[in-house]
Each structure stands twice: as structure tokens, then as C-alpha cells.
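Please view the structure alongside the points below.

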Amino acid sequence: MYNFLLGLHNLLRWIILLLLVVNLLRHIAAVNKPFGATDKKLGLILMIFAHIQLLIGLYEWFAGSWGLQNFMNNGAEVMRNSASRFFAVEHTVGMIVAIILITVARGVYRKSIPDGKKHRRCILLYTFALLIILAMIPWPGMYEFGRNLVPAF
């Protein structure tokens, strides 16, 4: 089950990145247009996938060997090892912040502000979320194979 969800978590990152870029480009192109139903639907789809990703990630953190178990087995040593710290703390916190930004951007359409301002807020929130996600994804080659290191995905 864990390996299946890890593979799904890996696949969903590409879907989320694609949806995030599509939403971002749509808001950039429509900055002077009304905030329409398509904007709302695309934002909702992105938020749903991000929340599914969050649930899978939380399961992996609690059930896998690189999250809670790593802290329980190694204590403060986790913070000294960059690969362990990345998965136990940095990746988790960064992605939660990015998902919060995506969720806040989804709620912008409910605000009673001009449509142009809604688009600009979404652009800002999605841009920050995208930058955080790109920084917190464990890219191939990020960590070398080693005794105490995480294999590259």
C-alpha cells in the first residue's frame, strides 16, 4: 500500500504542477476580464488534487520511514542529516504552506472585489505556491545514494 501511494504521490506532483501553471497562465491572460466559471472550476480542480496530495503525503509521513519513524528512531540526528531533514521537516512544511496558498487562491473568487484584483491575487498566490513546490520537490539527483541518505527519485 505504501509503495503504491508513494508512486501516486509522485504522479500527482506532475498533475498539480500542470494545473498550477494552467491556472497561473489563465489568470495572467484574463487579468482584465471577468472572473468566470472556468476560473472557478480550474481553481477547484487544482485545490482538490492538492488536498488529495496532502492526504497521501501525511499518510506517508506517519506510515513511512522518512517522517515520524525517522524522528522516533534517530531523534535530533534527523536534523543533522540534510536528506533526513528535507523529508522529515522541510518538504512537509513547504508543501503544506504551498497547499494553503492554493486554498486561499481558490477562495479569492468569493471576495467582493473587482475581477482584475481577483486575478492579480490569484497570480500572486499561485506564483508563490509554484515557487515553493518547485523548491520542495525531491528532484532526481538531489541526494546521492549513500548509507544515511535518501535515494534520488
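In helix 1, Ile16, Leu17, Leu20, Val21, Asn23, Leu24, His27 and Ile28 meet His119, Cys122, Ile123, Tyr126, Thr127, Ala129, Leu130, Ile133 and Leu134 of helix 6 (contact: heavy atoms within 4.5 Å; helices: DSSP runs of H or I, at least four residues, numbered from the N terminus). By class, this contact has 13 nonpolar, four polar and no charged residues (Ala, Val, Leu, Ile, Met, Phe, Trp, Tyr, Cys and Pro are nonpolar, Asp, Glu, Lys and Arg charged, the others, Gly among them, polar). The model is predicted: local features need pLDDT of at least 70 and side-chain atom pairs pLDDT 80 or more, while totals for chains, interfaces and linings use all residues. Residues are numbered from 1 along each chain as its sequence is written, and side-chain values use heavy atoms, without hydrogens and water.

**Helix 1 and helix 6**

- The axes of helix 1 (residues 2-29) and helix 6 come within 9 Å and cross at roughly 150° (lines fitted to C-alpha atoms over the stretch in contact, with angles from 0 to 180 degrees between N-to-C directions).
- Helix 1 is therefore roughly antiparallel to helix 6 (angles over 145 degrees).

**Cavity**

- The structure holds one cavity of 30 Å³ or more (points on a 1 Å grid over the protein atoms alone where a 1.4 Å probe fits but cannot get out; lining residues have an atom within 4 Å of a point).
- The largest cavity has a volume of about 50 Å³ (the space filled by probe spheres set on the points, which are joined across faces, edges and corners).
- Its lining includes His27, Cys122 and Tyr126.
- Helix 2 gives the most to this lining, with four residues.

Notes: 1 Å grid on protein atoms, 1.4 Å probe; cavity = no way out; pocket = protein on both sides within 12 Å on 5 of 7 lines; lining within 4 Å. Helix = DSSP H or I, 4+ residues; strand = E, 2+ residues; numbered from the N terminus. Parallel < 35°, antiparallel > 145°, perpendicular 65-115°, else oblique.
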